[in-house]
Each structure stands twice: as C-alpha cells, then as structure tokens.
Amino acid sequence: MAVSADAIITAGLRPELFAERGLVSISRTILIAVLSLLVLAGFGIRVSNLSAEGLSEDELNKLHAVADYRANGLTAANSEHPFLMKALQTSSVFLADKWNTSSFGAARAVAPETALRLPGAIFGALTVVLLYLLTAELFGAEVGLIAAALWTFDPMAIGLNRIAKEDTFLLFFFLLANVFWLRGQRIAESKSGERPEKYYWLTAASFGAVLASKYLPQALTISMAYYWLFQRIPETRWRLGKKRMLIFFGIMGLTFVVLNPTILLPATWRQMGLFAGQKLVGHDGYEFMGQLYSHRMTDWLNGIPWYFYHLAVAVKLPVLAVIGFVAGLPLLFRRKLGDGRFFIGLWLILWMMTFSFTGGKFLRYFTLALPAVLIVAALGVQFISCWLARFFSRLLSARSPRMYLRAAVAGLVIAGSIEASAKAAPHFRLYTNELGGGMKNAGYFFPHDEFYDASLREIMLEIAKRARPGARVASETPSVAGYYAQRAGRPDLVCVMLSDPKEWKQMSDGDFVIDARGRRYFSNELVLQTLRQATTPAFQVSLGSVHSASVYMLDQKAREAIRP
C-alpha cells in the first residue's frame, strides 16, 4: 500500500523501517519550514513581473467576463468555461482597482494583466504543498520533497501558472481531491479504528471544484480507475458501496453547482453547445515545428501529431529533469515501489489517451499531467542518488557520505531547474532545453503557446505612435489589438481580422498588418508569404531576445500584392 506521509514525517520514527526505499525520518518542523520556503519561492517567481507580457486573446475574454460580472452580476459571459476561476479573477481585479484608487496605489498601480493572472500564480505556488502531500503518501517524504522542489522551479510549470487560464485551478483541486482520496484509502485499509468517510466526502467536494474549474470529467477517471483496481482483490477494505457512492456523487454535484452557479443559466448551456460543436473555434490550424496542422479535436490522428506532448517533455523540461524522468519511468514496473506506481501509471496513461490522440492540442493542457512527470523524475533522481551513494560508499569503505551524496545529487537537479528558470525569466514559456537546441530554437516547437500574443501590447503602442487617424490594423487577434489601441489612447484605430479576405479589399496606404509568430494559419499563410516578398517590415518586436512579430505598413505595391 501507499506509504503514510504522517508516519514518515513524525519525529523520532526509526529510519531503518524505510531503509529499503532510501527514506529517512524528517522533523515535522523542518518539513514545514522547507515547504514554506518552497511556497514563498514559487510564489515570488510566479508573481515577479507578472505583467511583463500583454494579454492573450483567451485572457482578454476572461477580463471581459470579469467586467460583465461586475456590471451585471452573474451572466453567461465566456460561459463555455466554468465560473470558479473567473470569480477569483473578479475579486482580484476588484481589489486591484481599489488599490489603484487609494493613496498607496498612486505610487505603484497594479496592472490589469497582473490582477487577472494573480490568482493563477497563487494557486500555482500552493500546488507545491499538495504535490508534496500526494507524492509523500505514495512514495515517501524524500521523493515528495524532490517533486515539490522541481515543481517550484520548473520553467514550464511557472510559465503555465502565469497565464490566466483554467488549467492551474483544475490541477490544484485534482491534487487536493487525490490527497484526500489516498488518505481515505490508507485509513480504510488500516486497523486504526478511524473512519475514512470524512475523507471520501472531502474528495467528492474537491472533485466538484475540479469540474467548476474546467469541464474535464476525464480527470475523475484517473482516481476512479485507481479505486476500481482494488475492488477485485478480496482482501481490500477500501470499498464505498452503493449508498456511500451515491452520497459521494451527490456532494460532488452540489459543490459543483455552488462553485459554478452560472451553469443554471440557459445561455450557458447554449454557449457550451456551441463550444462542444466546435463552432467557437476561431482559427483553422496550429503551427507545430514549422508545419501547419488541422486543429479540430475530432480530427484525431489527422490533426496535430500524437507525439506533441511527448516532445514537450523532451525539450521543455530542464535536461537533468528529463534524465530523472527517463530513469524513473522503468521504476513504475517494480513491485517494491508499492501500489503508488499504479496511480502514477494510470495518471499518465489515461491523460495521454485523452489528449494525445485528439486532433486539437495546446501546451497548456499539459498542466494536469506535468506533476505526474515530475513525480516520476523525482523517483528517478532518488534512484540515481541512492545508487551513486552506495557506489561511493563502497569505494570509500564508509557509510557516512551517503546522506550528503544523495542530497547533493537532488540539489544538483533542482539547481538545474533554478538556472533554467533564471535564464528564461520573465518569458518562461519560451524556455527550450539543450535537447531542443537551446534558446536559439525558442518559439520553434510550439509557437502559439510559447508567444501567446505576449507582444501585441508593445506592437500596438508602437503603431499608435506611427498610425494616421482611422488607420486599419489587421491581425489574428483584433479584439486584443483594439483593447491595447484604447489603452494607447488611439480608439480611432480600426482593428480587423487578417484572415478575412473581405478586409483586405478595404486596406489602404498607411494601414498596418501584424505578422505575429504563433498566429500563422491556413487562412492567412498565403497573404503573409506574399507580404514578406513584396515589402519589408516597418518594425519588428521581440519577446526578450526572441523575435516575436513583424509589422508591415502598407504602401501601394504591398496593398496590391495582398488584394485578392
């Protein structure tokens, strides 16, 4: 069965009980101090310069929903996505506005980008504690601390937590649910006399919060599959039975409605129907490794290649973490690792079955699977550190260096993640490791997710300085361009959709076309290629040191070249 986290962290526990797994007892005080430092460090990294990048189209939709809630109460704004995250963002934006209008805020105002993204940064940092608790329940405190530290400093984890999207909240409540779920399992299998029901109900409430964060019921299949895995074993005592299972789903449903009250609005169901029918898909492709692919979920293997997320593991994690993952993966097939290996195996397999074979993919969807990858990496790091410690102890004919050698190996891997994040900051999503060619290949593999409209704010500020009154600006995100034109004091600029051929006919000399990396589609590929050949950019923009967009000011030659 899973190893008890409480048992391991209790001071005075005999370390030899866990010698086979390489575990040692850890003082509760030390453990709390280490986790607190990790949470503070993770929060500091995630919140630092949070407005360094402009809003994406998805994020602007959330900001519009927040404005709608504040003006009209509960509405169906952006209702293809659940309410919980937007409720937190509404609170954050409201508090930021209060701060900005106070005497304190006059000196240091909070940007809208920061206010909108702050809840995700907070929940991403707090995920450290839940990841430790879950991993320690499965594999012990040492692996738990390594996994928690890897999450704290991993550049991909940080980058995904710094965007105002639902996946960070989905992950937080998924981990919370499974901390309670596994604790209930351990108590049910023990003979302590403690009743596990309260943990079942807490699990159910957490799963309700999962669905109120993102409409992804597939996340529940991981925990349920792990539960049913034990039901055919006659000796198992971890059984809910029909009555408790009905109560379980009742609590989950009630929590879901309480945290997602907009589900009761008829307009929400209409919007969800449009979303499920793929009628809200705004673009017709996704660029992956320089090639365009169809991006509809139902395109299955005809869409984005199945190895999309596998490649992300190889090129988006620090190299030492990748080595740890490769070393840890075979360990999941070793019986002495315990039943926790089944949970991690199901987590990875079921997630991959859900997302690898669908045609539509985004890198942010990997948020839910990333902790499982880091847990496997932590297992690999522990295995390598124990092997090296035994090797050098035999070489030196001494046991005393073992603990220090193991700590040094784990510290080296964590330091690799710290270095990677320090190099990538504040544009963490651009991080590309040496296996992927390093930062010179940043933006090549997953340009949509890596750039994510981050430069459009700076682009519109520059256009606002150059544009004639009433100039048209063509881009693939006219709503974001219009928002930043307003903020630049140029509401007269007309922001239009680049992919619409009707708009090309109305373009005139002095108008602008934005060629943003990550926004290349089948519908605009020809016009952009033609424009690149016909003229040179008026200016270019970079995200950090990485080129992110070219902006063209049309003249007669360029205008005639792109006109259909």
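Author: A cavity is a set of points, on a 1 Å grid over the protein atoms alone, where a 1.4 Å probe fits but cannot get out; lining residues have an atom within 4 Å of a point. Grid points are joined across faces, edges and corners, and a volume is the space filled by probe spheres set on the points. The model is predicted: local features need pLDDT of at least 70, side-chain atom pairs count only at pLDDT 80 or more, and totals for chains, interfaces and linings use all residues. Residues are numbered from 1 along each chain as its sequence is written, and side-chain values use heavy atoms, with hydrogens and water left out.

Reader: How much space lies in the second largest cavity?

Author: About 100 Å³. Its lining includes Met 156, Lys 316, Leu 363 and Asp 449.

Reader: Which helix gives the most to that lining?

Author: Helix 7 (residues 155-161), with three residues. Helices here are DSSP runs of H or I of at least four residues, and strands are runs of E of at least two, numbered from the N terminus.

Reader: And what is the volume of the largest cavity?

Author: The largest cavity has about 140 Å³, and 16 residues line it. Asp 453, Ala 454, Leu 456, Ala 516 and Arg 517 lie nearest its centre. Helix 19 (456-466), strand 5 (512-516) and strand 7 (546-553) each give two or more residues to this lining.

Reader: Turning to the core, which residues have the most contacts inside the largest one?

Author: Ile 344, Trp 347, Phe 366 and Phe 446, in a nonpolar core of 109 residues. Such a core is a set of buried Ala, Val, Leu, Ile, Met, Phe, Trp, Tyr and Cys residues joined through side-chain atoms within 4.5 Å. Buried means under 20% relative accessible area, exposed over 50%, and partly exposed in between (1.4 Å probe, protein chains only). Helix 8 (residues 167-189) gives the most to this core, with 12 residues.

Reader: What is Phe 446 in contact with?

Author: Leaving aside neighbours within four places in sequence, the contacts of Phe 446 (heavy atoms within 4.5 Å) include Phe 308, Val 315, Lys 316 and Leu 363. Lys 316 and Leu 363 also line the second largest cavity.

How values were computed
On a 1 Å grid over the protein atoms alone, a cavity is a set of points where a 1.4 Å probe fits but cannot get out, and a pocket is an open set with protein on both sides within 12 Å along at least five of seven lines; lining residues have an atom within 4 Å of a point.
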